Amino acid sequence: MSEFQELKKFLANKEKEINRGIKEIVEMDSPTFPSVGTNKIINYFSKKFKSSGIKCEKLKGTKGTGDHLLATVRGKRKNKSKILLIGHCDTVFPLQTSVKRPFKIREKTAYGPGVADMKSSLITCFHVIEFIQKNYLEKVGEIQILFNSDEERGNPSSRNIIEKLAKDTFAGLIIEPARANGSIVSSRKGSIIGKLEVHGIAAHSGVEPEKGASAIYEITRKIIEISKLKIKNGNINVTGLIGGERPNIIPEKAECLIELRALEQRILNETSEKIKKIIKKNTFITNTKSIYKIVDERPAMEFNKKTNALLKITESIYKKARLKFGHTSTGGGSDGNYLSALGIPVLDGLGPVGGNLHTELEYLQIDSISKRGAILGSLILQLSSSSKI
Ligand SMILES: [Zn+2]
């Protein structure tokens, strides 16, 4: 039996246990903040890894996030570099969501907050690693598994950890859910989010409007100029626009967020400079002042030669398993963006298949678990015996 078949059978036999595990952690509501739920999940997996004989340590969360978990499998192969798997245990849903909208299975589909993004990925990943630890230690070198608590908020606490772990990483495998059509993810847009604040001068808009300088007129004109920028494989979205306090006053203050996204880092950087220039150089309303600050950024996970090489290895596993292979790019960022920016080959979307992520309609295809888990495990084994990508 091939490694794929063995692992698929192992996971299929554990279907009840796996579904129970997913239910248990869906019921631990885990928004990024407050960290009570993410800490519960980290404790849950800490016990599970330890009871399977896998070394793991909790890494303290910072900036109000929960802790993160780093598990390490030390195989018998003497590889110089390791394989790094990353998942996140936070979701976009607030505490108590699972009480209002409990985990349920209908036919072959599961529902519940975070069921696909990415609680089923965490459980599947754990069992894949458990299987390798039990059966394939002689075939692998070092494998590290990081479950972080803050991906949905741009990794304020775990980004440093990911960047440190990247140093001796041979390949990064990110267990975000596969796309609804089963595709894995080969590239992701990066983002630069800036906050624009415009300060004007307040005045009575009926009696002496000439003494005022409208922050709203200024910010909206700047937004129009910014919206004219052409971005290859990217886009700009303006959100959080507020300004003016009440009627009869020329608005003294206005602000907005400018969200820039692109698949190529070079385009991101160039466009970001153009945005800065528009803001700095043009003043449409005299006596207004504009302040622009970058508040968040995530590098692009670009498609490159290394991605292609990793895809080829993955495709051969799909072929042997007689499964349809597909990959795609996507707009949202993930943990993979940070690894990729440091030159590490990365593939993403290696979790089970799900859809309608971040909505009440989020679902997971239960019968994708054993296949996708078996692909993930086979990929780890295959990469462990590769000397270069
Ligand atoms: Zn996710």
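Predicted model: local features only at pLDDT ≥ 70, side-chain atom pairs only at ≥ 80, totals over all residues.
The crossing of the two helices H1 and H11 is right-handed. On the H1 side, the contact is formed by Glu3, Phe4, Leu7, Lys8, Leu11 and Ala12. The residues contributed by H11 are Ile369, Ser370, Lys371, Gly373, Ala374, Gly377, Ser378 and Leu381. Classified by residue type, the contact of H1 with H11 comprises seven nonpolar, four polar and three charged residues.

A further helix pair is formed by H2 and H5. Helix H2 spans residues 15–26, and helix H5 covers residues 115–135. Their axes come within 9 Å and cross at roughly 135°; H2 and H5 are therefore oblique to each other. The crossing of H2 and H5 is right-handed. From H2, the residues Ile18, Gly21, Ile22, Ile25 and Val26 meet Val115, Lys119, Ser120, Leu122, Ile123 and His127 of H5. This contact of H2 with H5 divides into seven nonpolar residues, three polar residues and one charged residue.

Two cis peptide bonds can be described in relation to these helices. One joins Phe33 and Pro34, with omega at about -10°. Pro34 is located in the loop that links helix H2 to helix H3 (36–51). Another cis peptide bond joins Asp117 and Met118, where omega is about -5°. Met118 belongs to helix H5.

At the level of domains, the chain is divided into domain 1, made up of 3–189 + 300–384, and domain 2, which covers 190–297. The centres of domain 1 and domain 2, taken over C-alpha atoms, are separated by 38 Å. Contact between the domains involves nine residues of domain 1 and ten residues of domain 2. On the domain 1 side, the residues touching domain 2 include one nonpolar, six polar and two charged residues.

Six strands form an open sheet in the order S1-S2-S6-S3-S7-S14, and the pairing within this sheet is mixed. Its edges are strand S1 (55–59) and strand S14 (346–347), each of which pairs on one side only. Within the sheet, strand S2 (residues 68–74) and strand S6 (residues 142–148) are paired in the antiparallel sense over six bridges. In this part of the sheet, Thr72 stands opposite Gln144 of S6. Helix H6 (residues 159–166) lies across S1, S2, strand S3 (82–88), S6 and strand S7 (169–174). The direction of H6 is at about 170° to S6.

Another open sheet contains four strands in the order S10-S11-S9-S12, and its pairing is antiparallel. The edge positions are taken by strand S10 (234–243) and S12, each pairing on one side only. Neighbouring strands of this sheet are turned by 20° against each other on average, direction ignored. S10 and strand S11 (residues 253–262) pair in the antiparallel sense over eight bridges. Gly243 stands opposite Ala254 in S11.

Helix H7 (residues 215–227) lies across strand S9 (190–199), S10, S11 and S12, and runs at about 10° to S11. Helix H8 likewise lies across S9, S10, S11 and S12, but runs at about 160° to S11. The loop between helix H8 (265–281) and strand S12 (289–298) contains Asn287. For Asn287, phi is near 70°, a positive value in a residue other than glycine.

Conventions: Residues numbered from 1 in each chain as written. Domains from an automatic or database assignment. Contact = placed C-beta atoms within 7 Å. Nonpolar A, V, L, I, M, F, W, Y, C, P; charged D, E, K, R; others polar. Pairing = 2+ DSSP bridges. Axes fitted to C-alpha atoms, helices over the stretch in contact; angles between N-to-C directions. Left-handed = near helix turned anticlockwise from the far one by under 90°. Parallel < 35°, antiparallel > 145°, perpendicular 65-115°, else oblique.
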